[in-house]
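Trainee: Could we walk through this model together? I have the viewer open and some questions ready.

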Amino acid sequence: MTALNQYLTGLLLQSPWLGVAVMMNNYFHDVATALMLASGFTLYTVYRMQIPLNDQIATLYFLRIFKKMVTLFRFAFWWIIIGGVPRTVFYVAFEWNHFADKQQVPALMVKHVLMAAAVVWGVVAWRRLKQKVTVLRESLTQETRALLDAD
Ligand code: HEM
């Protein structure tokens with residue numbers, strides 16, 4: 001065990017509250033991931049619903065949801081990134097699985113490659129959607145656009 005992990009283990013042994021804080025942080029890292037995926041999925045579903053209708057009301061409805069989902073997506077994304085830092089720092093002291101031992105390292109790599117691929121795919125999908133949002137926004141009448149901007 002490295003000196004840092006020994007030090008962190010000592011801190012965790014002294015303070016159960018620190019343990020609770022790390023546990024909650026790790027839990028919220030997972031929750032934020034679910035939130036981010038759910039925001040993308042919801043948005044995609046609403047977009048698919050907008051296509052066949054394609055009138056002013058359906059477009060306004062979609063663009064309003066888009067605005068909210070972008071906020072939720074950004075919030076979840078930064079939450080994941082920021083919460084990932086203490087999770088990484090405390091990983092060996094707090095989460096290391098002694099049954100899987102060193103074999104968990106390649107497993108962690110596989111998980112992170114999969115996650116990175118999902119994030120890259122997600123970013124590409126969001127960028128494409130942004131282009132469609134620009135087109136849809138321009139298709140609104142001045143009156144409907146004013147309703148959207150009033151949000
Ligand atoms: C948007 C990108 C990310 C997503 C979607 C994500 C998602 C996740 C998920 C779902 C887990 C739980 C895996 C499990 O318990 O089996 C996890 C674990 C973990 N994450 Fe993240 N994460 C991301 C970025 C980061 C970043 C930037 C860091 C470091 C700064 C980080 C550090 C960790 C660590 C240390 C673990 C525990 C080890 C593991 O189970 O793989 N994550 N992450």
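Mentor: H2 is followed by Asn-54, whose phi is positive, near 45°; helices here are DSSP runs of H or I with at least four residues, strands are runs of E with at least two, and both are numbered from the N terminus. Please keep in mind that this is a predicted model, where local features need pLDDT of at least 70, side-chain atom pairs count only at pLDDT 80 or more, and totals for chains, interfaces and linings use all residues. Residues are numbered from 1 along each chain as its sequence is written.

Trainee: Is Asn-54 buried or exposed?

Mentor: Asn-54 is found in the loop between H2 and H3. A residue is buried if 20 or more other C-beta atoms, placed from the backbone, lie within 10 Å of its own, exposed if 12 or fewer, and partly exposed in between. Asn-54 has 11 other C-beta atoms within 10 Å, so the residue is exposed.

Trainee: Where does Asp-101 lie?

Mentor: Asp-101 has a positive phi of about 45° although it is not a glycine. With 9 C-beta neighbours inside 10 Å, Asp-101 counts as exposed. Its place is the loop between H3 and H4.

Trainee: What span is expected for H2?

Mentor: The expected span is 1.5 Å times one less than the number of residues. H2 has 38 residues and reaches 55 Å from its first C-alpha to its last, close to the expected 56 Å.

Trainee: Against which helices do the buried residues of H2 pack?

Mentor: Those buried residues include Val-22, Met-36, Leu-43 and Gln-50. Contact is defined as C-beta atoms, placed from the backbone, within 7 Å. By that criterion, the buried residues of H2 pack against H3 and H4.

Trainee: Which helix gives the most to the shell around the ligand?

Mentor: A residue is near a molecule if its C-beta atom, placed from the backbone, lies within 6 Å of it. Of the 15 residues around the ligand, Thr-33, Gly-84, Arg-87, Thr-88 and Tyr-91 come nearest. Helices H2 (16–53), H3 (56–95) and H4 (104–138) each give two or more residues to the shell. The most, eight residues, come from H3.

Methods: Contact = placed C-beta atoms within 7 Å.
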